[in-house]
Amino acid sequence: MTDTSFENVWNALPFPSFVVTQDGQITDANGAAEQLVSTSQRQMRQKTLSQIFHENSVVVGTVHQAAKDQGSMTQYNVDVAIENKTTAVCNVYVSFLNPEQSKLLLVVQPTGVAQKMSQSLTNLSAARSVTAMAAMLAHEIRNPLAGITGASQLLAMNANEEDIELADMIAQEAKRIGQLVDRVEHFGDQRPMDPKPVNIHDVLDRAQRAAAAGYASHVNFTVEYDPSLPDTSGDADQLLQVFQNLIKNAAEAVDEKRGTIKVRTSYNSGVKLAMQGNKTQNLPLQIEVIDNGRGVPANLISEVFDPFVTSKSNGTGLGLSLVSKIIAAHGGLVECSSTEGRTVFVVRLPVWRVKKEN
Ligand SMILES: Nc1ncnc2c1ncn2[C@@H]1O[C@H](COP(=O)(O)OP(=O)(O)OP(=O)(O)O)[C@@H](O)[C@H]1O
Ligand SMILES: [Mg+2]
């Protein structure tokens, strides 16, 4: 077991990690951290976080906040300057390490490296370019498709039995194209949203009921809801689509007999998303869809949220792209992590706030 000593594991981790005291003194750092900040582990042990990053850096602020709240903190998409030299967009995670809560673990992960974490915001531009094409395609395909369906019905009227079968096949396939066009067109829907308070558990129950009655009837469902979860802000029908798509994907990935899907909700006050203009958005509502299926194919993991990415012969590859588009429109985030036997899609959403009239 000497090969897997803590020291080796710590230094082999691809995530730049630091152990720090509550007031920001670095007590340890791993190999990836050493590379990120180009400072040796020994030198870092004599420094504070403010010396490595910057006194006003989000990194220092996040550790400070976590220490103050006595909880864990995650900040997404923040600019991190390293000793004022290079700047990288990073996700910053902080959590307490020991029960006495005197030391914290800090992970500073440049987002370019975070392959397993596809964030919805980065997919917004891809979604937009598909949107314009979608509207045009839907329009151009509908008319000839109606012609094909009509002609196949006429053919069937005077045909012998064998040809009727072929005519039916034409009609069926035309119907399938029609459904695809509907989905693509739906994707292009750009109507502005009128945000309302939405109880996410109602949405999840609706999604689960629809799934259990249809495409996921073979799956064992469990739910673990945090009953005190506040409402989110948005459009219940669009959010229903999000969870239907996630549950459908999970149902398609699991084994016929032993497939399980778990839907879990929780409140996580330490999650913030950096926005333009130094603003941050709190995303405390956390909804996870977890399945025990075969996992996302390794070559797709970094692009699952992009349009037309699919591993299914009948798939459009628009399901997750739509999920990402809807969640981005709600100001939230969606992430995926997957290994064989455990795939987790995490949706993070803001809490509904009544707008103050002035
Ligand atoms: N829970 C999951 N487990 C394993 N792989 C998944 C899971 N969810 C998504 N994937 C992978 O991501 C790909 C893209 O999913 P997406 O929903 O966008 O399209 P699709 O399911 O292939 O097609 P459609 O949604 O149109 O039926 C899938 O083809 C699959 O390879
Ligand atoms: Mg899908």
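## Ligand 1 and its contacts

In this predicted model, an oxygen atom of ligand 1 lies 2.8 Å from a polar backbone atom of leucine 320. A polar contact is a pair of N or O atoms within 3.5 Å; within protein, one must be able to donate a hydrogen and the other to accept it, and sequence neighbours count only if both atoms are side-chain atoms. The protein covers 96% of the 600 Å² of accessible area that ligand 1 has on its own (Shrake-Rupley method, 1.4 Å probe; for residues, only the protein chains shown count as cover). For glycine 317, a polar backbone atom is 3.2 Å from an oxygen atom of ligand 1. Aspartate 291 takes part through its side chain, where an N or O atom is 2.8 Å from a nitrogen atom of the ligand.

Around ligand 1 there are 23 residues, and Asn249, Thr310, Ser311, Lys312 and Thr316 come nearest (a heavy atom within 4 Å). At least two shell residues each are supplied by α9 (236–253), α10 (319–329) and β14 (342–349). α9 gives the largest share, four residues. These labels denote DSSP runs numbered from the N terminus, with helices (H or I) of at least four residues and strands (E) of at least two.

## The chain as a whole

Ten helices and 14 strands make up the assigned elements of the chain. The chain has 358 residues, and 42% of them count as buried (under 20% relative accessible area; exposed is over 50%, partly exposed in between; 1.4 Å probe, protein chains only). Its accessible surface is about 19,600 Å², and carbon and sulfur atoms account for 51% of that area. Of the contacts between residues at least 6 apart in sequence, 64% join residues at least 24 apart (heavy atoms within 4.5 Å).

## Helix α10

Ten of the eleven residues of α10 are buried, so the helix is largely enclosed by the rest of the structure. The buried residues are Gly319, Leu320, Ser321, Leu322, Val323, Ser324, Lys325, Ile326, Ile327 and Ala328. After α10 comes glycine 331, with a positive phi near 75°.

## Threonine 343

Threonine 343 belongs to strand β14, one of the elements that supply the ligand shell. The residue is buried, at 3% relative accessible area. Its side chain forms a polar contact of 2.9 Å with the side chain of serine 338. Leaving aside residues up to four places away in sequence, threonine 343 touches Val289, Ile290, Asp291, Gly295, Val296, Ser337 and Ser338. Asp291, in this list, is the aspartate whose side chain lies 2.8 Å from a ligand nitrogen.

## Positive phi outside glycine

Serine 38 is not a glycine, yet its phi is positive at about 50°. The residue is in the loop between α2 (31–37) and α3 (41–44), and it counts as exposed because its relative accessibility is 65%.

Phenylalanine 308 also has a positive phi, about 65°, without being a glycine. Its loop runs between β12 (285–291) and α10. With a relative accessibility of 46%, phenylalanine 308 counts as partly exposed.

## Basis of the values

Residues are numbered from 1 along each chain as its sequence is written, while chains are lettered from A and ligands numbered from 1 in written order. Local features need pLDDT of at least 70 and side-chain atom pairs pLDDT 80 or more, whereas totals for chains, interfaces and linings use all residues; side-chain values use heavy atoms, without hydrogens and water.
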